[in-house]
Amino acid sequence: MTVRVDLPEETLAGILAKAFGNRSFLTGFAITLLVAAIALLSFVWTPYDVTKLVIADKTQAPSWTHWFGTDHFGRDILSMIMVGARNSIAVALVAVGIGMGIGVPLGAFAAARGGLADEALMRINDLVFAFPALLSAIMITAIFGPGAVNAIIAIGIFNIPVFARVARAAALAIWPREFILAARAAGKGMTQISVEHILPNIATLLLVQGTIQFALGILAEAGLSYVGLGAQPPMPSWGRMLFDAQTRMVTAPWMAIFPGMAIIVTVLGLNLLGDGIADILDPKSRRRR
Amino acid sequence: MTTYLFKRLIIAAITLVLASMVVFAVMEILPGDPARLMLGFNASADQVEELRNQMGLNAPLLLRYLHWAGGLLSLDFGRSYTYSVPVIDLVRERVVVSLPLALIALALSTVIAIPVGVFSAGRQGRAGDTFAMGAAQFGVAVPNFWFALMLIYLFAVWLRLVPAGGFPGWGAGIWPAVKSLLLPAVALALPQAAILARVARSALIEVLNEDYIRTARAKGLPYRAVLWRHALRNAMIPVLTILGLQFAFLLAGTIIIENVFYLPGLGRLVFQAITQRDLIVVESVVMLLVAAVIAVNLLVDFYYAVVDPRLRGRQ
């Protein structure tokens, strides 16, 4: 049996009603849904084929035939942005998965055990925090070479201490509660209590942190691809498109403007979504933010 | 307070030692023989072996680590494989670009963010606040290197106010050098300022709701005095925490931004070293940046102790 104490009087209908009244949530949710839909759509349809180079059409300004213009190989920028969305979403999502999958159990364990295990985990956290994501990406690239997978690993590693920290802090607040005492009295072990009682009660916090890390992951992936450490051509990626645009700023500024807009809109949507979820589930947070 | 500071110092030292072990281990498992790399592929096995002995590459692992780490402490990073000059010379040339850039960006983002945060907190929920926080929400989502491209387009290509890239060196005079760091610094600073402004606002709002603020107002102090003397000082603690964390992002950001503006800083050095497989340079620069991050966070911890009287008394 799972005990929920965060929202004793809240029902699903009540949460939904609040969600529909929250502008930040609605906007963020709509944008996120749109980006995900575009990424899915790109699997079955794009205005132009992004693998085909049409040199005759190179660096065309935005027009009715090419809404966002074309790049230096004559590829349609809009189509490339659509396909690039897949890469951004996949990298950021898996990186969040790695961070949550490893960080949350670690944080929950540290909170449950306390003492030396807790202290050791926090020190390792400090250690990973000392390596900015880009630095660890540089080291990983130095070993394994550049690529989307290594970008995922680099961003994922950086996510681990973030989730460990959030999970630990949230779990520590739940452990002294009475229903945990009851569970212990019922003879449940630490692992069972962590999974059955702690985790459901810190899930909302983890969800909020998840959307934040998702947004950061998209920014980080774009940065890595931009410096050539992420997705490799011909795989379209937003960061890579900006790299290609850099030397053509004077003649073809649209090559830079639109991929950048795609990143901004996506990250903005995710951040709004995260803010909205936090607002809905914890009314106090509205005052704080 | 000394106990607190001492504990933080020990933790920072441990983190630094662990970080150096990680970096050393990563470089150990990398394929490629530095001696072979330096001599080229025409060298005989005996020559390579001799150089390996000279470089101490045949010594036991622990000894090599201690030698390397001892070198770091005396700023002796070894010699670059490709340039055959001491790594510290390469670093010294580059750090005079990267460090000023990071510091200007840090200063800029603070100078922008704190007033915006104060402004917003004072008008909570009103039009000015909504606008400022909307702008901040937008700023958080902007990738700094994209922003850099837009700045180049606007100020260097269109208005021709500043150079689009490159660095004349400090020998060319302070102003030309600072001028070429201006756009990169703005590109780095604005997205950071957006995050910082949000933190400053929420920290201030939290503090302004405290009882002692009401007391200060009730005894007749004007809002301005309460804000600057009582509220802001207390709100600085979370702001500084974020500032310390942001320094790590700023350093990492410098690496990318230097590539946008063709600045000869540490970031460019690292990327060149990676393509040339000049691993000793990569490991030195990574170690240096990690040490900088740890040092800044230690400074923030020290600052807590100075401003927070509760920490001063803590044992």
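At what angle do α3(A) and α10(A) pack, and how far apart are their axes? I looked this up before anything else.

**Ground rules.** I'm working on a predicted model, where local features need pLDDT of at least 70, side-chain atom pairs count only at pLDDT 80 or more, and totals for chains, interfaces and linings use all residues. Residues are numbered from 1 along each chain as its sequence is written, while chains are lettered from A and ligands numbered from 1 in the order in which they are written.

**Entry: the α3/α10 pair.** I found α3(A) and α10(A) packed at about 40 degrees, with 11 Å between their axes. My axes are lines fitted to C-alpha atoms, for helices over the stretch in contact, and the angles run from 0 to 180 degrees between N-to-C directions. Helices here are DSSP runs (H or I, at least four residues), as are strands (E, at least two), numbered from the N terminus. I noted the crossing of α3(A) and α10(A) as right-handed; that label applies if the near helix is turned clockwise from the far one by less than a right angle, and left-handed if anticlockwise. On the α3(A) side, I listed A:I77, A:I81 and A:S88 in the contact. From α10(A) I got A:W254, A:M255, A:F258, A:P259, A:A262 and A:T266. Contact between two residues means C-beta atoms, placed from the backbone, within 7 Å. I sorted the residues of this contact into seven nonpolar, two polar and no charged. For that sorting, Ala, Val, Leu, Ile, Met, Phe, Trp, Tyr, Cys and Pro count as nonpolar, Asp, Glu, Lys and Arg as charged, and the others, Gly among them, as polar.

**Entry: α3(A) by itself.** I checked the length of helix α3 of chain A, residues 77-113: at 1.5 Å a residue, its 37 residues should span 54 Å, and the end C-alpha atoms are 53 Å apart, which agrees. The expected span is 1.5 Å times one less than the number of residues. I also spotted a kink of about 25 degrees at A:G103, shortly before the proline A:P105. The bend at a residue is the angle between axes fitted to the seven residues ending there and the seven starting there. Just after α3(A), I see A:G114 with a positive phi of about 65 degrees.

**Entry: rest of chain A.** I count 11 helices and zero strands in chain A. Along its principal axes, the C-alpha trace of chain A spans about 75 × 50 × 35 Å. I came across a cis peptide bond joining A:P233 and A:P234, with omega about 10 degrees. A:P234 is in the loop between α8 and α9 of chain A.

**Entry: where A meets B.** I get 35 residues of chain A in contact with 41 residues of chain B. Which helix of chain A gives the most to the side that touches chain B? I found α5(A) on top, with eight residues. That side of chain A divides into 25 nonpolar, five polar and five charged residues.

**Entry: chain B.** I count 13 helices and zero strands here. The C-alpha atoms of chain B fill a box of roughly 85 × 60 × 35 Å, taken along the principal axes. The domain assignment (bounds from an automatic or database source) gives me domain 1 (2-73) and domain 2 (90-312). Their centres, taken over C-alpha atoms, are 33 Å apart. I find 16 residues of domain 1 of chain B in contact with 13 of domain 2. On the domain 1 side, α1(B) has the largest share, 11 residues. That side divides into 12 nonpolar, three polar and one charged.

I noted B:L75, with phi near 60 degrees, a positive value in a residue other than glycine. B:L75 sits in the loop between α4 (61-73) and α5 (87-122) of chain B.
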